Amino acid sequence: MKLYNHTKYPDAVLESLLVKAGKAVGARTTGVVVIVNQGRQFGASIPGCAYRATSVRPNLRMKRDQNYLINIRWVKTDGGYFTIVAPHWNRPALEAVQNFYATAVHEWGHIKDFQRKDLPEWSRRDSSGRRPRWEDRPEEIRANEYRDSARSQGKGENGSYAYEEIVGLALALEERKESK
Ligand SMILES: [Zn+2]
């Protein structure tokens with residue numbers, strides 16, 4: 001996994017949790033790009049989004065920064081990439097991290113789909129030419145099924161499988177709260 005960490009959480013703590021989430025659904029984690037962004041404190045931000053792509057510009061979000069030009073470079077991905085919003089410190093730490101982990105498992109479900117060769121393209125339009133509602137899209141239903149199946153094997157956010165990694169990130173979150 002290639003981590004692009006746009007937050008103040010330690011790379012190692014994020015990485016071990018995210019890799020664990022990928023393995024929970026049986027995705028191949030090597031070479032997959034994961035971009036972790038700091039979310040906005042208020043207002044809606046999408047918790048995560050997966051893309052089928054073979055390359056990505058993980059630093060493109062820095063476009064308002066003076067480093068814009070030097071930071072744009074293409075990075076190859078092996079089987080897609082996803083972005084995810086870091087757990088926020090205005091929520092109880094453990095709950096925030098459990099939610100982050102569950103989102104990561106769902107996004108890895110999409111990556112697992114990209115890695116499969118036996119599935120049709122996503123989100124084919126229906127007979128009226130419209131895409132189905134978000135929650136009715138086959139790829140969303142499948143990603144949730146992967147997540148539910150991980151849960152039923154004790155690999156969900158409440159299971160013992162990723163307990164250590166979840167607690168590790170929750171502690172990092174508490175430390176950030178205290179240093180504010
Ligand atoms: Zn999804």
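This is a predicted model: local features need pLDDT of at least 70, side-chain atom pairs count only at pLDDT 80 or more; totals for chains, interfaces and linings use all residues.
Tutor: Residues are numbered from 1 along each chain as its sequence is written.

Student: How many helices and strands are there in the chain?

Tutor: Helices (H or I, at least four residues) and strands (E, at least two) are DSSP runs, numbered from the N terminus. From that end, the elements run β-α-β-β-β-α-β-β-α-α-α. The totals are five helices and six strands.

Student: In what order do the four strands of the open sheet stand?

Tutor: Two strands pair if DSSP finds at least two bridges between them. The pairing in this open sheet is mixed, and its four strands have the order 1-2-6-3.

Student: Why is one side of strand 1 and of strand 3 left without a neighbour in the sheet?

Tutor: Look at strand 1 (2–6) and strand 3 (48–51) in the structure.

Student: Which residue of strand 2 is the bridge partner of Asn-5?

Tutor: Strand 1 and strand 2 (residues 33–37) run parallel and are joined by five bridges. Lys-2 stands opposite Val-33 of strand 2. For Asn-5, the bridge partner is Val-36.

Student: Is strand 2 largely enclosed or largely open?

Tutor: A residue is buried if 20 or more other C-beta atoms, placed from the backbone, lie within 10 Å of its own, exposed if 12 or fewer, and partly exposed in between. Four of the five residues of strand 2 are buried, so the strand is largely enclosed by the rest of the structure.

Student: Is Thr-29 buried, exposed or partly exposed?

Tutor: Thr-29 lies in the loop between helix 1 and strand 2. The number of other C-beta atoms within 10 Å is 19, so Thr-29 is partly exposed.

Student: What does Ala-21 touch, not counting residues up to four places away in sequence?

Tutor: Two residues are in contact if their C-beta atoms, placed from the backbone, lie within 7 Å. With that rule, Ala-21 touches Tyr-101, Ala-104, Val-105, Trp-108 and Ala-162.

Student: Within what arc do the buried residues of helix 5 fall?

Tutor: Helix 5 (residues 163–178) has 16 residues, and its buried ones are Glu-165, Ile-166, Leu-169, Ala-170, Ala-172 and Leu-173. The arc is that of the directions from the helix axis to the C-beta atoms. Seen down the axis, the buried residues line one face of the helix, because they fall within an arc of 155°.

Student: Which exposed residues sit on the face of helix 5 turned away from its buried side?

Tutor: First, the buried side: what covers its residues includes helix 1 and helix 3 (93–115). The face turned away carries the exposed residues Glu-164 and Glu-178.

Definitions and conventions: The expected span of a helix is 1.5 Å times one less than its number of residues.
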